[in-house]
Each structure stands twice: as structure tokens, then as C-alpha cells.
Amino acid sequence: MCGIAGLIHRGKSSNVGSELQGMLQALKHRGEDSTGYALYGDTDGENFIMRFKVGENVGEGSSSIMEDVSVYDERKKIVDQYLSEMGARVIKEERTLPYSLRYEIKYDAKDLLEFSQKIESIPGVEILSMGKSLEVIKDLGNAKMVCDRYSLDKLVGTHAIGHARMATESGVDIKSAHPFWGYPFSDVSVVHNGQLTNYWNNRRMLENKGMRFMSECDSELIAVYIAQKMREGASLEEGMKSSLTGLDGVFTYFVATKDSLGMAKDTMAAKPLVLYESDDLVAMGSEEIAIRSVLPQEIDTYDPFDGEVKVWQI
Amino acid sequence: MANLKTSEKKSKAQSMGMHTEVLTGRTQQKFFNPDEAENFYYFGTYDVDFNKRTDLDVKEMSAPEANKEIDNLMSQGYGTIVIKNPQGKHSLGVGILNKLNLIFEGSLGYFGMGSCDGPTVRINGRVGWSCAENLMAGKVVIEKNAGSCFGAAIRGGDLICKGSVGARTGIDMKGGTIIIGGDAGAFTGFMMQRGRIIILGDVGINLGDSMYDGTIFIGGSIGSYGSDAVDAELTKSDQDWLTRKLKVAEIGENFDVSKMKKIVAGKKLWNYDNLEPTEKKGAI
């Protein structure tokens with residue numbers, strides 16, 4: 001089992017980094033192999049924020065192969081070179097950890113697919129997120145450990161989704177951790193609780209259409225599936241509704257874009273979700289205790305029914 | 001009563017080394033002996049006074065700590081306990097085998113009031129998955145909504161939710177009554193074996209899927225029927241029972257029970273009506 005949580009403030013910003021940390025930490029008993037945050041921060045919307053990794057966390061519990069840190073530096077150099085070749089100018093650079101970087105980039109993007117393919121052609125390099133508001137931060141450990149490691153508790157924004165993972169379908173590593181970026185769409189992210197049973201059929205079909213998979217985690221399929229639907233012209237909600245029949249298995253998942261947050265629940269309602277909805281805030285999680293971490297007062301919550309899809313705007 | 005202790009017949013299972021234990025437990029030997037009055041009570045239950053009332057704030061307690069304190073209060077004779085700040089914690093109020101008037105001022109998480117036998121409970125909030133699982137007797141009333149697997153495998157008692165419930169309500173239930181004031185999700189009454197479910201609102205897909213026995217009453221629309229679930233005639237005695245039950249449950253006032261649909265199992269299983277071992281003992 002895994003735990004998912006999300007919240008969206010409507011009409012205002014809040015300290016979503018700290019709020020999501022509290023929600024995910026309340027769900028840590030559902031899995032603490034890794035924790036991931038997709039945070040939609042307040043930005044001027046001018047530049048892209050690219051979160052990417054040049055290696056894996058090889059700490060305790062990791063299923064990744066140990067590499068020399070010098071390899072990370074080599075990979076970073078090639079990333080810098082490719083960015084320069086594509087006309088992308090790095091405005092600000094942060095290296096939180098040897099393997100994890102955050103760039104603010106000035107880039108007149110026409111096609112993020114081509115951009116991403118170029119960067120990810122470097123072995124060991126993966127873009128975790130690309131967007132003008134979205135930042136995906138994921139690493140091994142529970143919510144508090146990851147939050148402290150990346151200083152996320154001060155991030156102010158409108159909405160966020162996150163995931164506390166118990167590894168079942170794939171290894172304990174960052175590449176299999178949620179959230180998944182809705183590659184190659186700017187500012188789209190996905191978290192999922194459940195198991196998908198037609199993963200390989202869908203993956204083969206989507207790869208034939210030019211979509212990319214970075215892990216063997218079944219949850220990544222949701223991000224790619226919806227991204228493909230959006231490429232074909234569907235809205236976010238249409239793509240999510242299509243997934244109810246296109247994806248087989250049990251699932252509850254969240255999708256976020258730069259100005260919206262949505263949830264979908266499979267037709268058997270096999271995975272839990274509790275929802276709180278008011279005029280200025282929507283909060284949801286695998287268990288009510290996640291919502292209680294941001295709303296300790298007595299509130300009205302409910303479980304969405306089977307096959308339900310909902311989308312909220314900021 | 002049957003003397004299980006003297007049973008030494010070598011079975012195939014024993015010859016395979018699977019089980020050689022001789023049954024000597026209290027429930028096997030004594031619990032159902034009607035000649036011994038004290039054995040009608042569970043070990044560790046208390047004589048409580050419903051007029052003796054206290055509050056318990058569980059905000060800073062873990063679920064085991066809170067449950068232990070409830071037990072402690074019962075041991076002091078408190079028959080009415082008000083739980084403050086449950087805050088969605090899991091497994092609160094589990095395993096109460098006592099007569100008790102228990103009130104929760106707030107919502108519970110998963111497995112609230114699980115494996116209980118006897119208490120009367122009012123929850124002024126919402127409950128998470130598997131509320132009152134394995135309830136044997138008593139009454140549990142939820143004022144707001146409930147999650148999935150509501151009343152899973154209950155054997156007796158009344159379980160009432162005034163709001164809506166998630167999927168698989170009454171899954172595997174073997175007795176008792178579940179009453180829902182609002183709507184219910186998919187697979188309601190999945191594999192139910194006995195008892196009754198009353199839904200005043202709409203219900204999702206696969207209603208009564210694989211049900212063995214029992215009865216489901218639906219006031220609203222039905223998403224779809226599960227395999228083995230079929231319509232049955234709503235009799236006058238059904239209507240009388242529904243009216244009485246809703247009144248006692250303080251739910252659905254003025255609800256027109258004559259328009260409800262009655263759903264039962266459309267199959268008959270071999271040996272299904274054989275008594276359970278415990279029922280056999282009661283009959284001896």
C-alpha cells in the first residue's frame with residue numbers, strides 16, 4: 001500500500017510545502033521507502049524550473065548501484081553543454097545534493113519533447129519535472145526526511161500533491177518514486193495508489209506512439225497515458241475519464257496542472273480516498289488523518305464513489 | 001454438551017502432521033453452558049452504571065492508549081463515556097465486549113468500533129473504512145458519512161449511518177442490520193450471507209454480487225445487479241419491519257417504505273443451512 005495526499009487553495013496562496021509535509025508524514029505508516037512532492041509555487045511565470053537528477057540516492061535501503069560522485073559532475077557538464085546548444089540560458093542553479101539539481105532556465109520552448117529527449121539522452125540523467133510553476137522533489141525516506149533534506153517547508157504556492165511509497169512493483173530508488181512528471185507537458189504531475197494490471201500492454205502501445213518511460217513503476221503509466229490523451233487534444237478531465245476504462249487494475253490517483261488538481265477512482269473503488277471540500281480549500285488523502293494535519297477542527301469529509309473523476313481549479 | 005476433549009480420532013490432517021491439538025479452551029468447554037450463569041459474560045467485562053458518566057480527551061493519545069483508558073474507565077464502573085478529539089484516529093473503540101454507552105465527539109479513522117459485542121455507540125462525525133467490522137451485538141450510529149467496507153462481516157447488532165457510505169457495505173455480513181440514510185457505493189452486500197441491509201438512497205454497481213442469503217432493501221436507484229442477486233416481492237410484513245426498524249433507528253422519518261425494492265439471493269447452496277458449531281452448542 002502507499003499513501004497519497006493533495007490540497008489546492010482556491011483564490012490564495014499558502015505554505016503548501018509545509019502543509020503537504022504534514023499530510024504525508026501522517027501517512028508514513030503506509031510506506032516510507034520514498035516520499036515525493038509535486039509543489040506548485042508562486043513564480044513570475046517567466047522562466048522554466050527544471051528539477052533533474054544525475055544519479056540515484058544510494059543510501060540505506062536503496063536498490064540502486066553505487067556510483068562515484070565524479071560521474072555526477074561529468075553528467076552535469078554534459079547537461080550544461082546541451083542546454084547551451086539548445087539556446088537555453090541557466091538563470092539560477094542550485095545543487096541541493098550531489099545527484100539532485102534545480103535550474104531556472106530561460107528557454108523559448110516550442111517543444112519540450114525534443115528538449116527532454118536531448119537532456120535524457122545522457123545516461124543516468126532524468127528530468128523530474130519541467131514547468132513554470134511545478135517542482136517535483138522526490139527521494140528516499142519519509143516525508144519529514146525529504147522535506148528537511150530539500151528545505152521544502154518554506155515553499156509558498158497554490159496547490160500540491162504528494163506520495164508516501166511502499167515499494168511493491170519496482171525498486172527502492174528515485175526513478176520509481178512518485179510523483180511522475182506528465183512528460184513532455186509543462187507543469188503536469190501524477191501520484192497513484194494501487195496496482196495497474198495492463199501496464200505492459202499500454203506501455204508498448206504508448207512507446208510505439210513516441211512516449212517515454214523512465215522506470216518500470218506501473219504508476220508512471222498514468223502520467224504517460226494522460227499526457228498522450230492530452231497530446232491527442234483531450235482536456236485533463238477527458239483524459240482522466242478515459243483512464244477509467246483504459247487502465248485496468250485498482251487505483252486512486254491525483255493529477256495536477258499549473259492551475260488545477262484532479263482525482264480519479266477506479267470502478268471497483270478498491271483504493272481509499274477521503275475528501276474535504278470547501279469554497280477556499282480542497283484537501284484529500286488516503287486517510288482522514290492526512291487531512292486532519294492541516295484541518296484539526298471538526299470537518300465534514302466523504303469518500304468519493306467508484307468511477308468518480310473530479311477536477312478543481314485554483 | 002459434547003466433550004471435545006476426548007476426541008482422539010486420527011484424521012487425515014493429523015496424519016499429515018497438520019494439527020494434533022486437543023481443544024480445551026474456555027469457549028469450547030464452558031462458555032455456552034446455560035447452567036452456569038456467570039459464563040454468559042465474557043472474561044474481563046465489567047458491571048457498569050449508565051448514569052456514571054465521564055469525558056476522555058484522546059487528542060494526545062495513541063489508539064492503544066485510548067482503548068486501554070476506555071477499558072480502565074469501564075473497570076471503574078463508568079457506563080457512559082464521551083470521547084473528545086478522536087481526530088480521525090484508527091482503531092478507536094475496538095474490542096469492547098461490554099454494555100456501554102459510548103459517544104465520540106468527532107470522526108474516526110479505519111476500523112473504528114471493530115470486533116465489539118454489546119455497546120451502544122454514537123459517533124458525531126464520519127468514520128473511515130471497515131467501521132464496526134465483526135460487530136456481534138449492540139448499536140452503532142454514525143451521524144455523517146462512512147468509508148468503504150462499512151459493517152464488514154457483522155454477525156449481529158444495528159449499524160446505522162445517517163450519511164452516505166463507500167463501496168462494499170456489508171461485505172461478508174452474517175447477521176444484524178445495516179441502515180444507510182444516504183447513498184451507497186459499488187458491491188454493496190458483496191458475498192453477504194445473512195442479515196439485512198437497508199439503503200434509503202441510491203446504490204452503485206454490482207449490488208448483492210455473489211450473495212448467499214440475506215435481504216437488501218433499496219429506496220433509490222440501483223446501478224446494476226451483481227451475479228446471484230434477484231428481485232423479490234416486498235411483503236406487508238417486510239414493510240412493517242422496515243417501518244419499525246427505521247423508527248427505532250431514528251432515520252428516514254416519513255420515508256415511503258412501500259416503494260422500496262427487495263433484493264435476495266437467487267441461488268441455493270448445499271449444506272448452507274447447517275448450523276454453525278457455536279449454534280450447535282447453543283442448541284444442545
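**Figure 1. Helix 1 of chain A is largely enclosed by the rest of the structure, because nine of its 11 residues (16–26) are buried.** This is a predicted model: local features need pLDDT of at least 70, side-chain atom pairs count only at pLDDT 80 or more, and totals for chains, interfaces and linings use all residues. Residues are numbered from 1 along each chain as its sequence is written, while chains are lettered from A and ligands numbered from 1 in the order in which they are written. A residue is buried if 20 or more other C-beta atoms, placed from the backbone, lie within 10 Å of its own. Helices (H or I, at least four residues) and strands (E, at least two) are DSSP runs, numbered from the N terminus. Among the buried residues of helix 1 are A:Val16, A:Leu20, A:Met23 and A:Leu24. A:Glu19, A:Gln21 and A:Gln25 are buried too. The cover includes strand 1 (3–9), strand 2 (34–41), helix 4 (143–150) and strand 8 (157–165) of chain A. Strand 14 (281–285) and helix 8 (288–292) of chain A also contribute.

**Figure 2. Helix 6 of chain A is mostly covered, with nine of its 12 residues buried.** The buried residues include A:Glu220, A:Leu221, A:Ile222, A:Tyr225 and A:Gln228. Among the elements covering them are helix 5 (199–208), helix 7 (236–246) and strand 10 (189–196) of chain A.

**Figure 3. In chain B, 11 strands form an open sheet with mixed pairing.** The strand order is 1-2-3-4-5-6-7-8-9-11-10. Two strands pair if DSSP finds at least two bridges between them. Strand 1 (49–57) and strand 10 (229–232) of chain B are the edge strands, each pairing on one side only. The twist averages 20° from one strand to the next.

**Figure 4. Strand 6 (residues 158–161) and strand 7 (residues 174–180) of chain B run parallel, joined by four bridges.** B:Leu159 stands opposite B:Ile178 in strand 7. Helix 4 (residues 236–249) of chain B packs on the sheet, touching strands that include strand 6 and strand 7. The direction of helix 4 makes about 70° with that of strand 7 (lines fitted to C-alpha atoms, for helices over the stretch in contact; angles run from 0 to 180 degrees between N-to-C directions).

**Figure 5. At the interface, 15 residues of chain A are in contact with 22 residues of chain B.** Contact requires C-beta atoms, placed from the backbone, within 7 Å. The chain A side has seven nonpolar (Ala, Val, Leu, Ile, Met, Phe, Trp, Tyr, Cys, Pro), one polar (the others, Gly among them) and seven charged (Asp, Glu, Lys, Arg) residues.

Methods:
Contact = placed C-beta atoms within 7 Å.
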